[in-house]
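Me: Could you walk me through one part of this protein, slowly and in plain words? I'd like to start with a single residue and then see what lies around it.

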Amino acid sequence: MRSPPWASVDIRFVESDDDEELLFNIPFTGNVKLKGIIVMGEDDDTHPSEMRLFKNIPHMSFDNTAREPDQMFSLNRDITGELEYPTKIARFSNVYHLSIHFSKNFGAETTKIFYIGLRGEWTEPHRHEVTICNYEAAANPADHKTDQFTPQTHFIS
C-alpha cells in the first residue's frame, strides 16, 4: 500500500459513519455545465468504487438514491487526483444543484474521500422576476373620473 503524497501533513477527509455510503449535496450559485469530476481517496479498500450523479434535486437524502442516476461511474483507486471522469455534457449542461452518491467501496466497512474536484463552466442564473399585475373583471366607476355627463335624447320623427 502506497502512502499518499500529502501523508506528512495534517490530512482532512470525509468518512462514512455506519456503512460504505456517502452522499454530498452541492448547491451552485449559478448554472453549471459540468464536464468532469475527480475523486481522491486512500489507497486501500475505503476508496469509493462507484459514484452516482444526480442533478437538480435540492435536499436529496439517502431515500432518494434508489432512483435512476443521471450518470454512474465505476471508479479506480486514485490517491493523486490524476483520473478525471467525464460527464455527459448534454445531460449536465444546466446544473444548479449536484448530488454525488458514493454507493460502494472496495470492501471496507466505511468509505473515505480526501478530495472531490469539479470541472466545468459557470454562468449567471437567469431569473424570472415576479410581475404583479392587477386586472379588473368589471370597471369601477370611482376609478375612472369623467367630466359631467348628461345624456341627450334625440327623437327622430
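Where is His59 found?

Reply: His59 is found in the loop between E3 and E4. A quick heads-up before we go on: this is a predicted model, where local features need pLDDT of at least 70 and side-chain atom pairs count only at pLDDT 80 or more, while totals for chains, interfaces and linings use all residues. Residues are numbered from 1 along each chain as its sequence is written, and side-chain values use heavy atoms, with hydrogens and water left out. The E labels are strands: helices (H or I, at least four residues) and strands (E, at least two) are DSSP runs, numbered from the N terminus.

His59 counts as exposed because its relative accessibility is 74%; buried means under 20% relative accessible area, exposed over 50%, and partly exposed in between (1.4 Å probe, protein chains only). The phi angle of His59 is near 60°, a positive value in a residue other than glycine. Asn56 sits in the loop between E3 and E4 too, and its phi is near 55°, again positive in a non-glycine residue. With a relative accessible area of 21%, Asn56 is partly exposed.

Now look at Thr65, placed in the loop between strand E3 (48-55) and strand E4 (71-74). Thr65 counts as buried, because its relative accessibility is 8%. Its side chain reaches the backbone oxygen of Phe62 at 2.7 Å, a polar contact (a pair of N or O atoms within 3.5 Å; within protein, one must be able to donate a hydrogen and the other to accept it, and residues adjacent in sequence count only if both atoms are side-chain atoms). Skipping residues up to four places away in sequence, Thr65 touches Glu21, Leu23, Arg52, Phe54, Met60 and His101; contact here means heavy atoms within 4.5 Å.

Let's step over to Phe102, in strand E6 (residues 95-105). Phe102 is buried, with a relative accessible area of 0%. Leaving aside neighbours within four places in sequence, its contacts include Leu22, Phe24, Val39, Ile113 and Ile116. Glu50 is also one of the contacts of Phe102: the two are 52 residues apart in sequence, yet 5.8 Å apart in space, C-alpha to C-alpha.

Glu50 has another partner. Its side chain meets that of Lys104 in a salt bridge, 3.8 Å from N to O. Lys104 lies in strand E6 and Glu50 in strand E3, so this pair ties together parts 54 residues apart in sequence. A salt bridge is a side-chain nitrogen of Lys or Arg within 4 Å of a carboxyl oxygen of Asp or Glu.

Glu121 is partly exposed, at 39%. Another joins Asp45 and Arg77 (2.7 Å, N to O). Here Asp45 is in the loop between E2 and E3, and Arg77 is in the loop between E4 and strand E5 (85-86), 32 residues apart. Asp45 is partly exposed at 36%, and Arg77 is partly exposed at 37%.
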